[in-house]
Every structure is written in structure tokens, then in C-alpha cells.
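Biologist: I am new to this model and would like to understand the words used for it before I rely on them. Could you take me through them one at a time?

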Amino acid sequence: MKKLIGIALVVVMMSCKDEEPSLQKYFVKSGEKKEFMSMDISSSILNVNESKLSASEKKALASFEKVNVLAFKKDEKNNAQYSKEVKEVKEILKDTTFQPLIKLNGVGHNASIMLVGDNKEIDELVLFGNQKD
């Protein structure tokens with residue numbers, strides 16, 4: 001009986017193996033940390049006059065739900081954590097799910113725009129930027 005319980009625990013523990021990191025998990029985990037500021041911005045903020053839009057533009061606007069924003073509040077005390085967070089996000093964005101559109105590299109500043117989906121139907125648009133100081 002003890003062996004059966006031990007085997008059952010091993011099977012349960014193996015089935016609880018962590019999944020791959022994802023941007024959504026990173027947002028949830030980081031949004032709870034004091035160094036981060038998190039907000040959801042509704043599509044109504046666009047305040048678009050729909051009467052001037054074509055049918056395809058109206059369809060595109062209707063598909064836009066919200067913007068999730070996550071920002072690290074960097075100061076002179078948390079530079080090491082900032083570097084760690086940037087590295088973690090860059091690792092997540094290496095996943096082939098994210099298709100790069102634009103990369104901007106300046107002196108001490110970097111930004112990238114990526115999409116999830118395809119050219120006909122974009123599921124997510126990801127903007128990621130960071131700076132050294």
C-alpha cells in the first residue's frame with residue numbers, strides 16, 4: 001500500500017510539471033510585484049467616429065478588445081532586477097509564436113514590435129521596449 005501511494009505521488013508530481021513560460025503568465029506574475037505598474041486600457045479610449053469607417057475598418061475596430069500594459073518602475077536601487085526582467089521577457093519573445101515586425105536599436109534604447117497570428121488575422125500585437133538607464 002505504501003508503494004502504491006508513493007507511485008501515485010510521483011505520477012501526480014510529474015503531471016504537475018511547469019508549462020513553458022508565456023507572456024500571459026509573465027503579465028500575471030509581474031503585475032502582482034511592487035516594481036511593476038499594470039493596467040488594462042479599453043478600446044473605447046480610441047473614441048473613433050464609426051460613421052466614417054468602411055465595413056472592413058469597422059470589423060477591424062470591433063475585433064480590438066483592449067490593451068494590456070505592464071511597465072517596470074526602474075530606479076537606482078533595482079537595476080539588477082530590471083536587467084533580469086528584460087532578459088526574461090526577451091527569452092519569452094524568442095518563441096516562434098511571436099513574429100517580429102520591427103526592431104529599433106538606439107544607443108541605450110531598444111524596441112520591438114511583434115505579432116501573434118498571421119497577416120490576415122492578428123491575435124496579438126506585442127510592443128516591447130527597454131533602455132539601459
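Modeller: Let us begin with helices: the expected span of a helix is 1.5 Å times one less than its number of residues. Helices (H or I, at least four residues) and strands (E, at least two) are DSSP runs, numbered from the N terminus. The model is predicted, so local features need pLDDT of at least 70 and side-chain atom pairs count only at pLDDT 80 or more, while totals for chains, interfaces and linings use all residues. Residues are numbered from 1 along each chain as its sequence is written, and side-chain values use heavy atoms, with hydrogens and water left out.

Biologist: What elements does the protein have, and how does α4 compare with its expected span?

Modeller: There are four helices and five strands, in the order α-α-β-α-β-α-β-β-β from the N terminus. The 15 residues of α4 reach 21 Å from first C-alpha to last, which is close to the 21 Å expected.

Biologist: Which residues of α4 are buried, and what puts them on the same side?

Modeller: Buried means under 20% relative accessible area, exposed over 50%, and partly exposed in between, with a 1.4 Å probe and protein chains only. In α4 the buried residues are Y82, E85, V86, V89, I92 and L93. They share one side of α4 because they cover an arc of only 125 degrees around the axis, the arc being that of the directions from the helix axis to the C-beta atoms. An α-helix has 3.6 residues a turn, so residues three or four places apart point the same way. On the other side of α4, A80 and K87 are exposed.

Biologist: What do the buried residues of α4 pack against?

Modeller: Their partners are α2, β1 (36-42), β2, β4 and β5, where contact means heavy atoms within 4.5 Å.

Biologist: What makes a space a pocket rather than a cavity?

Modeller: On a 1 Å grid over the protein atoms alone, a cavity is a set of points where a 1.4 Å probe fits but cannot get out, whereas a pocket is an open set with protein on both sides within 12 Å along at least five of seven lines; lining residues have an atom within 4 Å of a point. Grid points are joined across faces, edges and corners, and a volume is the space filled by probe spheres set on the points.

Biologist: How many residues line the second largest pocket, and which lie nearest its centre?

Modeller: The second largest pocket is lined by 13 residues, with K90, K103, S112, M114 and F128 nearest its centre. Two or more lining residues come from each of α4, β3 (99-106), β4 (109-117) and β5, and β4 gives the most, with four. The volume of this second pocket is about 240 Å³.
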